Amino acid sequence: MFRKLDETISVAGQITPDDVAAAAAGGFAFVINNRPDGEQPGQPMAAEIAAAAAAAGLGYRAIPITHAGFSEDQVTAMREALEAADGPVLAFCRSGTRSTFIWALARSRMGDAPDMLAAKAEAAGYDLSPLRGML
């Protein structure tokens with residue numbers, strides 16, 4: 001369910017409060033929610049995931065990203081969340097793609113090489129080619 005990009009971050013599709021507890025048990029320290037509330041009927045709301053993270057002792061940050069794309073403010077927020085995390089991060093959206101994309105954009109701003117980011121994403125089943133010009 002959780003796809004590891006590297007030792008510092010894994011991504012996932014929509015998670016539930018029970019998945020947050022499993023993430024904590026698996027050694028994650030921080031959850032980043034990249035999915036906007038109400039994107040799909042029946043999805044857990046951000047407040048539910050935030051409460052589960054707090055109950056599990058995990059850090060939490062919501063950086064919702066719609067299908068309209070990424071803003072520089074969102075990339076900056078992702079970079080700040082990654083820098084603030086005190087251990088491995090679990091980022092999620094509907095499928096993990098937006099979380100992978102925003103991670104790659106943030107890490108590129110932190111100095112990571114585009115080819116290295118693309119290789120990590122590809123190993124987890126994600127294709128960064130739509131972002132190559134932005135990395």
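How many helices and strands are there in the chain, and which residues of helix 2 are buried?

Mentor: Two notes on the basis of the values come before the answer. This is a predicted model, in which local features need pLDDT of at least 70 and side-chain atom pairs count only at pLDDT 80 or more, while totals for chains, interfaces and linings use all residues. Residues are numbered from 1 along each chain as its sequence is written, and side-chain values use heavy atoms, with hydrogens and water left out.

The chain has five helices and five strands; helices (H or I, at least four residues) and strands (E, at least two) are DSSP runs, numbered from the N terminus. Read from that end, their order is β-β-α-β-α-β-α-β-α-α. The radius of gyration is 14 Å, close to the 14 Å given by the globule rule for 135 residues, so the chain is as compact as a globular protein of that length. That radius is taken over C-alpha atoms, and the rule is 2.2 Å times the number of residues to the power 0.38. The C-alpha trace spans about 40 × 30 × 25 Å along its principal axes.

Of the 135 residues, 44% count as buried, meaning under 20% relative accessible area, with exposed over 50% and partly exposed in between (1.4 Å probe, protein chains only). Among contacts with a separation of 6 or more, 73% join residues 24 or more positions apart; a contact means heavy atoms within 4.5 Å.

Now the part itself. Helix 2 covers residues 46-55, and its buried residues are Ala 46, Ile 49, Ala 52 and Ala 53. Seen down the helix axis, these fall within an arc of 130°, so they line one face of helix 2; the arc is that of the directions from the helix axis to the C-beta atoms. On the face turned away from the buried side, helix 2 carries the exposed residues Ala 47, Ala 54 and Ala 55. The cover over its buried residues includes helix 1 (17-25), strand 3 (30-33), strand 4 (59-62) and strand 5 (89-92). Just after helix 2, Gly 57 takes a positive phi of about 80°.

Strand 3, part of that cover, contains Ile 32. Ile 32 is buried, at a relative accessible area of 0%. Leaving aside residues up to four places away in sequence, Ile 32 touches Arg 61, Ile 63, Met 78, Ala 81, Leu 82, Val 89, Leu 90, Ala 91 and Phe 92.

Two other residues share some of these partners. Ser 10, in strand 2 (residues 9-12), counts as buried at 7% relative accessibility. Beyond four places in sequence, the residues that Ser 10 touches include Phe 28, Val 89, Leu 90 and Ala 91. Ala 77 lies in helix 3 (residues 72-84) and counts as buried at 11% relative accessibility.
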